[in-house]
Amino acid sequence: MAVFDKLLELAEIDGKLVTLKRRIEAGPKEVELQQQHCDAVKAARSEVQEACMRCASQIDMLGLDVKSLESETRELDQKIGIVKNSKEYKIITERIKDVKKSIGDNEQRELELMDELDGLKKTLDEKNSQLETEEFKLEEVKNANALDAKEIKAQQIALVKQRKAKIAEVIAQDQEAMELYNKALTRGRGHAVAELKNSACQRCYRKVSPSVENQVIAHTVLDKIVCPSCGRLLYIAQED
């Protein structure tokens, strides 16, 4: 059936248009996915920044406490020189002992927090570097998709012209064939034809009856070679 060869050519054009449409739809999704990567790194970086601020704040508070305790120690040292009895002396010396212990504890905690802060700063540097990399990738993806969109648009325009010309050829030869093709195109979601191989439609993978297969082999009546499952026009590849 000569008209079917033209329908196959038309189906090839429509298949390319479907592929281009999917590429266009995939572009924003790719950008969105990369944006999510950037946002995740930003969120992780913010957590580290907040941890750095908390740690630094604790170090500052401990530093103030140490200064206050040291001031108290100096005052107690002055008092101990003018005590009037052993009871006062004992109270002051016990307080000096407690204060010095508190100073030692605070200084030890300061050292621990400083080590923690150093680790957090290293992590923050890593997060900043990671974010820089992810944002660079995001710009690359955006630029690449912008270029792809222009290229795809040009291809679409060329394919639409070819499609119009092919439709005109089919209609000139067989109006009903064009109508049948359009129905198959709608049912097949952009793919109007499907190869029949090993007695099965290669789009929906359903087996067809021997009578349908014989019609496809004979290739004489167009409306008899429709897949009963997905509604696409069936054909057998030339090599088969």
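**Overall form and the sheet**

The model on the screen is a predicted one, and its chain contains 4 helices and 3 strands. In sequence order, these elements give the pattern α-α-α-β-β-α-β. The chain is more spread out than a compact globule, because its radius of gyration is 40 Å, well over the 18 Å that the globule rule gives for 240 residues. The box filled by the C-alpha atoms tells us about the proportions: along the principal axes it is roughly 125 × 40 × 25 Å.

Let me turn to burial and surface. Of the 240 residues in the chain, 32% are buried, with under 20% relative accessible area as the criterion. The chain has an accessible surface of about 15,700 Å², and carbon and sulfur atoms account for 51% of that surface.

Contacts along the sequence are the next point. If we take contacts between residues at least 6 apart in sequence, 73% of them join residues at least 24 apart.

I now come to the sheet. In what order do the strands lie? The order is S2-S1-S3, in an open sheet of 3 strands with mixed pairing. Strand S2, residues 200-201, and strand S3, residues 233-235, stand at the edges. Each of these two has a single partner strand, so one side of each is left without a neighbour in the sheet.

Consider the two pairings in turn. Strand S1, residues 193-197, pairs with S3 in the parallel sense, over 3 bridges. Two residue pairs may be pointed out here. Val193 has Leu233 in S3 as its bridge partner, and Glu195 has Tyr235, also in S3.

The pairing of S1 with S2 is antiparallel and rests on 2 bridges. Here Leu196 stands opposite Cys201 in S2. S1 and S2 form a hairpin with 2 residues between the strands. Within that hairpin, Asn198 takes a positive phi near 55°.

To close, I return to two points. Thank you for your attention.

Methods: Residues are numbered from 1 along each chain as its sequence is written. This is a predicted model: local features need pLDDT of at least 70, side-chain atom pairs count only at pLDDT 80 or more; totals for chains, interfaces and linings use all residues. Side-chain values use heavy atoms; hydrogens and water are left out. The radius of gyration is taken over C-alpha atoms; the globule rule is 2.2 Å times the number of residues to the power 0.38. Buried means under 20% relative accessible area, exposed over 50%, partly exposed in between (1.4 Å probe, protein chains only). Contact means heavy atoms within 4.5 Å. Accessible areas come from the Shrake-Rupley method with a 1.4 Å probe; for residues, only the protein chains shown count as cover. Two strands pair if DSSP finds at least two bridges between them.
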